[in-house]
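Have the viewer ready and pick the pairs out as we go.

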Amino acid sequence: MPFTKPIVVVAFALAFLVRTTAIAEQPNIIFLFADDQNISSVGCYGNDEVQTPNMDQLARDGVVFDRHYNTTAICMASRANVFTGMYEYKTGTNFSHGNMKPEVWQNSYPVLLRKAGYMTAFAGKFGIVVEGRGLCADDFDLWGGGPGQTDYATKRNKSMSKYAKQYPHSTLSYGAFGQDAIREAVKQDKPLCLSISFKAPHKPATPDPSFDHVYAGKKFTKPANFGREAGEHLSMQSKQGRQYPRFTEWKYDTDYDGEMAKYYQQVYAIDVAVGMIRDELTKQGIADNTVIFYTSDNGYICGAHGYGSKVLPMEESSRVPLMIYDPRSPSAGKQIRSASLTGNIDFAPTILELAGVAIPGNMDGVSLRPLLDDPSVDVRDQLAFINTFDKAPTHSLSVMTKQSKYTYWWYGDAKMEPTEEFFDLVGDPLEMTNLATDPKASSSLAKMRDRYDAELKRWKENVVPYNGYTPYGTLFDRLIPPSEKNVATLRAKK
């Protein structure tokens, strides 16, 4: 009996030591998020006409993901995907559909990490609204976020106005916010979860004039699938939304060099902000325990196939840059690329696993942590791509593998019939040949149809019963005749 108390004390001390050691080893996590940035805007993805030295250095330090997709390529829905790790039909969140329910937000990565002891900081375009909560600023220790699209003028972003004098353009103000968040986390001796959502390079194109010299007078090589002739084989449905006229409205056809110079200049400013944040990590002595993500909420078409903007399932819109640097991983500094199929629904589970926080069972994404140890492995064999934004004919469901992409365009009327697109992404990465009517591809097409049907089945089984997502279970079903589909059901949003 006389030894009971010391044993209890020792056991308690050991438990406390294990707990505090685990907390001390929690990595800082920095999630950097561009708006409308495609892969051709980053040097490490093969474009030697752009200048992105800090992004390229991050790529050399970490892992570059060559097959990373946004499962919905539009601002609001994509951000909901990222925060929650779920597909759109489970977040119930997108323009024209509705806002996020508070119970969905409660399982977001910022909320869960704060509960786990992280200092959380957010700046930039929050992108969603939570019912009864608004922008959820109270869920962050440091707040520099804003409603709607935010503004390129720092002084017009209320939560960021203190940076306006030194950084009048918002892009670099977010770099400064990141520096302050890093300093404060070090001061408080707490692990940091910093999320920054840049407005750039979202239109209207408003580059920071400090960098006018970077691309002044430059000419840029058009992609091989540029222009209207390169889109004649694409569905009539995809030409009904605003993406098709924006090829001419945004002057890709008449002033490609001028448009791309503005676009790349905005990306260049983000690159400078990335450098500001990385420099501060080094200065504060925490770079070796900080995981950095860099990606975008969706891509940008920039004239490919004769379209502009985003939303559609084509590669330029759905596939985006992703670099992850974990200085503790065996892949660090080895200039490694991963061909694994990954999606924006994977960020929340990855961040949670890195922080040692349990991943909720409702998440559709998977942790990418294994790819940081061995980038050659695969974490999934297929991924869905969803569009329920803009005009009804452009709404669609796609399924992707590392090899192929299949889209069923369900909409039909007097001008067009439901149709399919099937692309070999390995042999035809520019999506110039639709194999849906090629007899030689019939076996592969049948397999992709089966994959599509499986994705739609998951939709029907898991869809939220609000915000107008239920009707798509019928509309997207390729086995239901068009005569049994009613587009008017899309008007029922609640």
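Start with Arg 337 and Asp 66, whose side chains form a salt bridge at 2.9 Å, N to O (that is, a side-chain nitrogen of Lys or Arg within 4 Å of a carboxyl oxygen of Asp or Glu). The two sit 271 residues apart, Arg 337 in strand β8 (residues 336-343) and Asp 66 in strand β2 (residues 63-69); helices (H or I, at least four residues) and strands (E, at least two) are DSSP runs, numbered from the N terminus. Arg 337 is partly exposed at 39% relative accessible area, and Asp 66 is partly exposed at 23% (buried is under 20%, exposed over 50%, partly exposed in between, with a 1.4 Å probe and protein chains only).

A word on what you're looking at: this is a predicted model, where local features need pLDDT of at least 70, side-chain atom pairs count only at pLDDT 80 or more, and totals for chains, interfaces and linings use all residues. Numbering runs from 1 along each chain as its sequence is written, and side-chain values use heavy atoms, with hydrogens and water left out.

Now try Lys 405 and Glu 431, another salt bridge, with the closest N and O atoms 3.0 Å apart. Lys 405 is in strand β11 (residues 404-409) and Glu 431 in the loop between β12 (419-424) and α13 (442-462), so this pair ties together parts 26 residues apart in sequence. Both Lys 405 and Glu 431 are buried.

Zooming out, the whole structure has 29 salt bridges. Asp 35, Arg 79, Lys 125 and Asp 297 are linked in a network of them.
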